[in-house]
Structures are given as structure tokens and as C-alpha cells.
Amino acid sequence: AIKSRMKAGCTILVHGGSGALGQAIISIALAYGCEVFTTVSDIRKKKFLLKLFPALEADHIGNSRDISFCDMVLKATKGEGVSLIVSCIKGDLKNATLKCCHSSGTTIDTYVVRNHEDYNFGMKFLIKGMSYIAVDLSELFEPENVDELRRIQLMMSEGIARGYVRPLSRVTFSPQEARRAYRLVAGNRHRGRVLLNLQQDIPYLQTKISCSLDRYNLVLSDDEVLGIQLAQRLVLRGARKIMLHFTSESNYVVLKIRSLEMQDVQVKVSYGDLDRRVVTKLIEENKFNSEIEGIYYIASSEMDGRKIFNNLQILNSLNQNICSQLKYFVVLSKDLDDEIMTVPLPSEKLLITRLTVPSAHDAGRLISPIDTVNAIEMALCSKRRFLKSYIPCKNERSSLLEDIAHVTGITIPENVNGQLTMRDLGMDVSKTEAVRNYLRCNFFSTMDNERILSLSVDMIRNWENRSKEKTLKETKGLSTFFSYVDHDELLAVTEMVFLPTLTTSSSIREDEFDVKQTYLCVLPGVESHHEKFRTMCERFKLPTLVLQPSCKAQESIQEMAQRLVKELINKTKLTKRFYLLGYESGVLVALEMAAILEEQGLLGTVFCIGGTPDEIQARFKKELSLYNTEEALQSEVIRHMFSLMNSDNTDELEMELKNKLTWEEKLTASLQKLLGRVPHSIQYAKEVIEAAYTRINQVRSYVPNLKKLKSIIVFMRPRESLNNGQGKEYSQNPVVEYVLEAPLAYAVQDLRCAAYVNRHLDEDILSAFEKRNLLETYILNADQFMTAALNDDD
């Protein structure tokens with residue numbers, strides 16, 4: 001229907017031009033010589049369309065968020081409107097759209113049917129020969145529309161041959177990132193298609209078992225409450241045939257069986273001790289008319305390990321035509337001997353799950369049956385052939401140390417020596433498996449038995465403190481960019497600082513610098529200090545240096561990049577590849593440096609923490625918009641930097657700032673308040689404040705003019721970023737994108753940053769790291785070392 005109305009000179013309005021349908025229609029319309037009008041939701045999508053379709057005119061792209069597009073269309077068509085409209089908008093904007101239609105034109109609405117919109121259509125729009133068609137494109141895939149699909153296939157083949165049907169712009173997510181993909185679509189921030197690559201392996205954590213309707217589940221238990229609770233869980237999971245065996249009869253069992261039968265569950269029940277004779281009789285007397293799916297053997301009270309072993313042998317000797325489909329085999333007891341693991345199983349693929357239940361005395365209270373059933377189901381969902389599990393009780397404890405003490409049965413004195421290990425405190429080796437399972441389930445950590453025994457009290461306490469979730473809140477204003485002032489003047493003004501990494505366990509000295517190594521160069525933000533990156537750099541697999549560029553008045557971002565490239569090449573003798581990491585405004589400098597290095601024939605990788613230059617500048621604009629005038633911004637810069645150096649006397653400073661008019665007057669007044677109250681010089685304090693204001697202005701005045709880089713670009717966006725999918729305009733290669741959990745101010749504290757950096761290092765660096773001796777090295781006599789080195793050179 002759309003194609004039949006397209007011809008040279010035809011005018012067409014397409015809403016949502018950056019979407020998949022919009023791109024397809026624009027491409028075909030331009031190929032047929034039509035005059036195309038379209039709408040988008042933001043300026044970035046407009047730039048995207050102009051780059052994708054050079055024949056599209058900039059003044060033919062309007063805003064889809066208001067009715068201004070109507071004026072654009074009517075003005076360009078001299079009030080006549082367009083011949084064809086393809087609309088995907090709703091509400092009042094739909095009325096404005098219909099006004100743009102020519103008196104003999106056609107409007108095709110792809111929204112109203114698919115989304116069941118309650119739209120009050122006015123008949124006034126159907127004057128003369130105007131047509132309105134509401135369609136649901138998904139109906140094309142109904143079985144009765146096979147012929148229509150074939151015609152579309154032929155038209156697509158023709159379009160591909162002529163070059164106007166081409167792949168749509170798209171962004172592809174892995175199955176694990178489906179949530180992010182839907183969030184991108186819901187926020188209308190995508191361009192073209194958003195795809196999920198379902199050919200990738202989807203990690204699936206099973207949390208519930210499933211039972212068949214036509215197979216028996218055999219439950220043998222010396223605890224009728226636990227046995228009934230387990231039977232009810234099996235019914236809840238789909239079982240309809242249950243065989244129960246208890247040691248004694250009770251009214252509770254009768255009542256619960258009657259309840260199960262009312263749910264159309266076939267229940268067989270028997271009573272007697274769980275010994276070899278009774279179990280044998282149970283199997284012989286019950287002629288199962290269907291296969292057994294699960295066997296659940298529960299001996300929660302005191303029972304000899306040999307007795308359990310004999311009973312398991314009998315259960316395992318069931319006829320193969322009954323047990324050929326055995327799916328679950330669970331053994332639960334208070335103290336399970338490892339000898340039962342020698343019991344041969346009906347199938348090599350069958351998992352035998354064994355669990356150990358503590359007694360009421362060991363646990364400190366009675367373990368609830370529902371806790372035990374939950375543990376059984378969790379264990380059955382495990383893929384391990386043998387599992388020894390501990391079922392913790394629900395008592396509230398104040399620390400991880402108390403939890404481990406409870407699991408292992410040891411006593412922790414009130415004023416215990418922090419250096420004592422679990423072995424020193426009397427922990428039994430047999431308890432290490434229970435501790436390992438507890439740590440895996442609750443802290444997602446795995447340790448071997450020896451490591452658990454060697455854990456000291458202090459190590460456990462420190463680990464718990466580190467594992468506690470920190471709430472990183474969003475920041476506003478200058479707190480987003482400035483959080484620290486170093487009192488060490490000499491280190492703060494050093495233009496190149498080396499930080500410890502996995503390959504350099506201590507800060508590199510000037511006389512230890514090795515020009516043969518490849519370094520990661522970090523470009524900090526407007527704070528321009530290395531300390532923020534220390535924790536992250538400790539996890540890098542290559543040496544790292546932080547550039548702390550001095551702040552020069554009137555110097556642009558481009559000029560700073562030129563200066564830093566010269567210093568970097570002079571210091572590192574860079575001849576092969578480079579690794580640059582920019583944070584916040586450092587992203588602007590890093591990309592400019594990469595462009596300069598590429599002009600000199602070098603290629604590398606650029607890591608951008610914070611997003612693209614456009615996103616960085618947009619964030620600065622947003623935070624600085626809190627200050628209405630330039631004077632208000634100047635006052636806030638002085639106020640904020642003053643509070644970082646000295647949090648006292650801020651009230652006195654406020655009075656001074658109100659009475660001063662110029663920047664110099666405010667700066668002088670603040671410095672006078674700092675006299676004698678800071679551990680560094682006032683000249684240094686003045687440079688800190690001036691540098692903060694100068695760097696902010698550098699970002700504000702920056703105008704990017706970058707060509708597409710040949711280097712790899714990796715964007716790491718903070719969680720509040722709304723522009724996922726941006727950045728392709730900066731690289732000739734597909735850009736790599738990650739979303740961090742932390743906000744921009746704390747982005748480098750997200751330790752996944754280090755993992756992402758290590759992931760994109762070259763193979764030779766990773767290979768060298770694997771072979772590297774990670775033991776710490778020291779220079780015992782640096783002067784003697786350097787003298788020997790100089791003599792060798794002579």
C-alpha cells in the first residue's frame with residue numbers, strides 16, 4: 001500500500017524516522033524520488049538520520065514531541081500538506097498529523113490497532129478524497145497472509161538489487177542483557193532495531209523441580225511431619241502419584257492424606273520401621289503400575305550408617321522397568337557415612353543428592369520442616385552428582401563470624417585474638433564442606449578446605465566489611481566532579497604518577513621506569529588527581545600511570561592533548577600501541593590524544609568512563625544549570641573547594657562571598673579564611689581553586705572536531721546514563737559498551753571497570769602477565785643499583 005503511492009515528486013511524512021519502520025520507508029521513498037519529511041525525538045537522532053540519509057534535508061526533520069512538525073510540513077508544502085503519512089504517534093499529536101495530510105492524501109496509522117488506542121477520530125478529516133487506514137503490521141505473519149508475504153519478499157529482492165533495501169541500524173544484546181534492551185526500547189532511546197541474540201548460551205539457574213503426572217514419587221521418612229511437607233511440595237510441583245512410608249501412624253498423617261486425595265492425588269501409605277525387612281516387603285507388596293520418578297529417603301533421627309546403606313541397596317535393586325526413568329534420588333540423615341556413595345545407581349546420569357541435617361541441640365533450635373524441604377529442592381536443582389548440604393536455622397546473628405561458628409560448632413570467646421585461625425579455635429576438618437556451601441550460597445564465594453581452616457578471625461571480619469553493600473547515591477552540582485584535595489603539594493602537582501597494579505606491587509620509582517613496557521595512561525577528570533583511581537588500578541594487568549596535567553589559562557582541550565602526547569612519547573618512548581583511559585572530562589582529552597597518536601601511525605584502545613564527549617558535556621551542563629549566573633557558579637566553586645580543604649568556618653565564608661562582587665575579591669577573601677587552617681601553602685590553595693574553575697570552563701568551551709578513530713573505543717557508562725547506543729560516530733570499528741552500577745561520581749569505584757579493561761588487553765600482554773612473577777621486588781640500595789647500571793652502559 002505504501003509503495004503503490006510512491007512516485008517521483010510525491011511528498012511523504014514519516015513519524016519516528018530513526019526507528020526501524022521509519023528508516024525502511026525513508027530509504028525506499030528517497031530511492032523513488034519522493035520529498036520526505038520526518039520527525040525524531042531529539043537532536044542526536046536528527047544528526048543520525050542526516051548522516052544515514054545524506055539526501056534528507058535538515059529542515060525537513062521536525063520534533064515528534066510537540067505539534068511544531070505540523071507548521072514545518074505546511075510551510076514547506078505551501079499549506080497543501082503531504083500525499084502520504086505513515087504515523088506511529090498517539091493522542092493530540094495524531095490530530096496535528098492529520099492536518100498535514102493533503103485533501104486527496106492517505107494517512108496510514110500503525111499505532112491505533114496494535115496498542116488498542118481509544119482514539120476519538122473526527123470525521124472532519126475525511127473531507128474530499130482524504131483516506132485514513134489503521135493497520136497492524138504483525139498481521140502479515142498470520143497464516144492467511146502467506147501470499148502477501150511472498151509479494152513483499154519479491155519487492156524486497158527488487159529493493160536489494162536496486163540498493164535501497166539494506167540492513168537497518170541495530171544494536172544487539174546478549175540474553176543476559178534483555179533487561180537493558182527492554183529499558184532502551186521503553187525509554188525510546190534506540191535507533192533502528194534492538195535485537196536479542198538468542199543463539200548465545202543462556203545461563204539458567206533452576207530454582208524449582210518439576211514432577212510428572214503419571215509417575216510415582218516414593219517418600220520413606222521416620223519424621224511424618226517432614227515427610228508430609230515434602231509430599232505437599234512434590235504435589236505443588238506437578239506430582240499426582242505419591243507413595244508414603246512412615247514409622248508410625250498418626251491423626252496428622254491421616255488428615256493430610258485426605259487433603260491430598262481431595263486434590264486428585266493418588267496416595268499409597270504404609271507404616272513400619274525403616275529396616276531391610278520392611279523396605280523389602282514394601283517393594284514386594286506394592287505393584288507399581290507406572291515407573292518411579294523420585295525416591296526420597298529421610299532418616300532425620302538417630303540411625304546407624306550401615307542400616308541406611310542396606311536400605312539404599314534394596315531401593316536401588318528395584319526392577320529396571322520401574323526405575324529406568326528415575327530422576328531424583330535423595331538421601332537425608334543426621335550423620336551420613338560416605339560409604340553409601342558406593343551404592344551403584346540405575347543410571348550413570350542420575351544424581352544422588354545427600355543432605356546432612358543438624359540436630360536441634362547442634363542448631364540451637366528445632367529446624368523447621370519447611371526449611372528442610374527448601375534445602376532438598378535447592379539441592380535437587382544443583383548439577384553436582386554428590387552434594388552434602390547444611391540446613392541453617394533462622395536465628396538472627398550479628399556477624400559472619402557467628403554464622404561460621406554456628407555452622408562448625410565452635411565457640412568464639414568475647415575478646416578473641418584476631419590472629420587465631422579456625423584451626424586454632426578447634427574447627428573440625430569435617431565441617432569445612434558445610435562452611436564452603438554456606439559461603440557459596442550466601443556470599444557467592446568458593447574456598448578449598450585448607451583455606452577455610454586457615455581463615456583468621458580478622459580476615460573474616462574484614463571480608464564481611466568489604467562484602468557489605470555500599471549505597472552510592474547520585475550526586476548533584478560540583479560534588480559530581482570534585483571530592484578530594486590532596487594535602488601533599490609535591491605529589492599533587494606531579495604531572496605523571498605511577499600507581500600500583502597487579503604487575504607492579506608498589507609505586508614505580510623514576511629510576512625503575514622501563515620504557516620497554518606497555519603502559520595504560522589514565523586521564524583524570526577536572527579534579528585532575530590520581531588518588532581516585534588507586535583501587536581500580538590495583539586490579540590492572542599492566543603498568544599504569546596517571547597524567548595530572550597542570551592547568552594553564554586559555555589552554556583548550558585540544559592544546560592540552562597536544563602537550564600531553566609530547567610528554568607521553570618523550571617519557572614512554574611510545575612506538576607500537578597505546579592504551580588510554582579517560583574518566584569524566586578526561587574522556588575528551590583521551591579521544592583527542594588518540595587522534596593525534598593515530599596521525600603519528602599508532603593504534604590502540606581508548607577506555608571512556610562516563611560516556612561520549614556529548615554525554616560528558618551534557619552532564620556538566622545539567623549539573624552547572626543549578627547555578628543561574630556566572631557569579632553564582634564562581635561562588636559555588638570557591639565554596640565547594642574551600643569546604644574540601646577545610647570544612648570549618650563556612651558560615652564566615654558565606655558572609656564574605658555575599659559582600660564581594662568580582663572573582664578576584666571572592667578568591668582573596670576565601671584564601672584569607674584558610675590562613676593557618678590548612679596543612680599546605682596558601683599559594684597551593686589558590687592554584688587548586690583557580691584550576692577547578694579553569695577546567696570547568698575548558699569543558700564548557702570544548703567543541704569536538706574528531707574524525708572517526710581507527711582505534712578500539714570502549715564506553716563504560718554510569719547507571720544514570722540515558723544514551724546507551726551512542727558513540728558510533730567516534731570510531732570506524734564497532735564500539736564496545738558497558739553499563740556500570742555506580743553513578744558518575746563513583747564510577748571508578750565499580751570494580752568491573754578493571755575487569756572490562758583487562759578483557760580488552762592484547763593477547764601478548766595477558767600472556768606475559770600469566771607468566772609473570774608476581775612476588776614483590778625491592779631495591780635495597782638504589783644509589784648502588786644506578787651506579788652499577790651506569791657502569792654497564794659505559
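Tutor: Two residues are in contact when heavy atoms lie within 4.5 Å. This is a predicted model, where local features need pLDDT of at least 70, side-chain atom pairs count only at pLDDT 80 or more, and totals for chains, interfaces and linings use all residues. Residues are numbered from 1 along each chain as its sequence is written, and side-chain values use heavy atoms, with hydrogens and water left out.

Student: Which residues does Thr421 touch, not counting residues up to four places away in sequence?

Tutor: Start with where Thr421 sits: the loop between α14 (400-408) and α15 (432-443). Helices (H or I, at least four residues) and strands (E, at least two) are DSSP runs, numbered from the N terminus. Leaving out residues up to four places away in sequence, the contacts of Thr421 are Leu453, Ser454, Leu455 and Ser456.

Student: Is Thr421 buried or exposed?

Tutor: Buried means under 20% relative accessible area, exposed over 50%, and partly exposed in between (1.4 Å probe, protein chains only). The relative accessibility of Thr421 is 15%, so Thr421 counts as buried.

Student: How does Leu198 count, buried or exposed?

Tutor: Leu198 is also a loop residue, placed between β8 (193-196) and β9 (216-221). Its relative accessibility is 61%, so Leu198 counts as exposed.

Student: How many salt bridges does the structure hold?

Tutor: Side chains of opposite charge can pair when their charged atoms come close. Here a salt bridge is a side-chain nitrogen of Lys or Arg within 4 Å of a carboxyl oxygen of Asp or Glu. Counted that way, the number of salt bridges in this structure is 21.

Student: How many residues apart in sequence are the parts that Glu377 and Arg237 tie together?

Tutor: The side chains of Glu377 and Arg237 form a salt bridge, with 2.6 Å from N to O. Glu377 belongs to helix α13 (residues 369-380) and Arg237 to the loop between α7 (224-236) and β10 (241-246), so the pair joins parts whose separation in residues is 140.

Student: Are Arg700 and Glu630 buried or partly exposed?

Tutor: These two form a salt bridge with the closest N and O atoms 3.0 Å apart. Arg700 is in helix α26 (residues 682-701) and Glu630 in helix α23 (residues 630-645), 70 residues apart. Arg700 has 41% relative accessibility and Glu630 has 29%, so both count as partly exposed.

Student: Which strands are the edge strands of the open sheet?

Tutor: Six strands make up this sheet in the order β3-β2-β1-β4-β5-β6, with parallel pairing; two strands pair if DSSP finds at least two bridges between them. Pairing on one side only marks the edge strands, which are β3 (61-63) and β6 (131-134).

Student: Which residue in β2 is the bridge partner of Leu13?

Tutor: Strand β1 (residues 11-14) pairs with strand β2 (residues 35-40) in the parallel sense over four bridges. In β2, the partner of Leu13 is Phe37.
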